[in-house]
Amino acid sequence: MQYDSHNKFATTTVILHWLVGLTIIGLLATGIYMTENNVYALFSWHKAFGFLVLIVAIVRVIWRMKNGWPSAAANYKPIEHKLASIVHWVLIIATLLMPISGLMTSVLGGHGLSVFGLEVFAQNFSVEDPEKTLPINYELSKLGGTIHFYLGYTVIVALLLHIAGALKHHIVDKDGTLKRMLGKSIGE
Ligand code: HEM
Ligand code: HEM
């Protein structure tokens, strides 16, 4: 199996980064849009893609553990190293915690989860009134909702720093940081 080297990232790293990264950007945007404007039709899409991204995110975390973190493409300042590393940790942990907290709020709230018609968790209907949905665990569902909300906005801040850093390296420092994540070799 091909692992990351200093000059070139493995294709697995590049595919997993963009597959998870771009889906998460889409989920942040739809999550905020649908809750701000009460667009209930988007909820099932948001939940389905959120659940699918969890599966890919788990594969990515296992890959990161086997592969280690990439070495810096150029000589960054110590403060840049620290900041990049904190942001990478926040982002990678969020790729697991965002879907998990989303599942907690929906599933433990009794709403269930279907992925494009395939029922993964059943809705918890009330026996007395089958029109009504009952929470499975109200407190944990609320906790999931709180984590989902605050972590969502934390991810947005981390992501802005992450994108600003990537662009700074590409445009100002003109090093290979972004090129490597686009699958290119930066070999001398
Ligand atoms: C337009 C959006 C994005 C750009 C331009 C971008 C760019 C990059 C670049 C250039 C690197 C390599 C950094 C290095 O070599 O030190 C990187 C790594 C990384 N990015 Fe992004 N990224 C984006 C979106 C995201 C998103 C949405 C996430 C998380 C959810 C994310 C998580 C990570 C992580 C955890 C790493 C460390 C390496 C890895 O695990 O693959 N990125 N990104
Ligand atoms: C990486 C994956 C995910 C991201 C980045 C994400 C992001 C967001 C964001 C930014 C919001 C708006 C803020 C809020 O009200 O909490 C939101 C709302 C929501 N998300 Fe997610 N989400 C993800 C996965 C999931 C999953 C897997 C589920 C459920 C199975 C889910 C269920 C929900 C629900 C029910 C809401 C509305 C909460 C409310 O009405 O207050 N999300 N999401």
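**Exercise 1.** Is His 17 buried or exposed?

*Solution.* The structure is a predicted model, in which local features need pLDDT of at least 70, side-chain atom pairs count only at pLDDT 80 or more, and totals for chains, interfaces and linings use all residues. Residues are numbered from 1 along each chain as its sequence is written, chains are lettered from A and ligands numbered from 1 in the order in which they are written, and side-chain values use heavy atoms, without hydrogens and water. Buried denotes under 20% relative accessible area, exposed over 50%, and partly exposed the range in between (1.4 Å probe, protein chains only). His 17 has 14% relative accessibility and therefore counts as buried.

**Exercise 2.** Determine which histidines coordinate the iron atom of ligand 1, and the geometry of the site.

*Solution.* Step 1: His 17 (NE2) and His 162 (NE2) coordinate the iron atom of ligand 1 at 2.0 Å.
Step 1: His 17 belongs to helix 1 (residues 11–36) and His 162 to helix 4 (residues 138–172), so the pair ties together parts 145 residues apart in sequence.
Step 2: His 162 is partly exposed, at a relative accessible area of 24%.

**Exercise 3.** Describe the surroundings of Thr 177.

*Solution.* Step 1: Thr 177 is located in helix 5 (residues 177–181).
Step 1: With 18% relative accessibility, Thr 177 counts as buried.
Step 2: Not counting residues up to four places away in sequence, Thr 177 touches Ala 73, Tyr 76 and His 169 (heavy atoms within 4.5 Å).

Notes: Helices (H or I, at least four residues) and strands (E, at least two) are DSSP runs, numbered from the N terminus. Donors are N, O and S atoms within 2.8 Å of the metal (3.2 Å for Na, K and Ca); water is not among the atoms, so sites may look incomplete. Four donors count as tetrahedral if all angles lie between 85 and 135 degrees; four count as square planar and six as octahedral if opposite donors are over 155 degrees apart and all others between 65 and 115; anything else is irregular.
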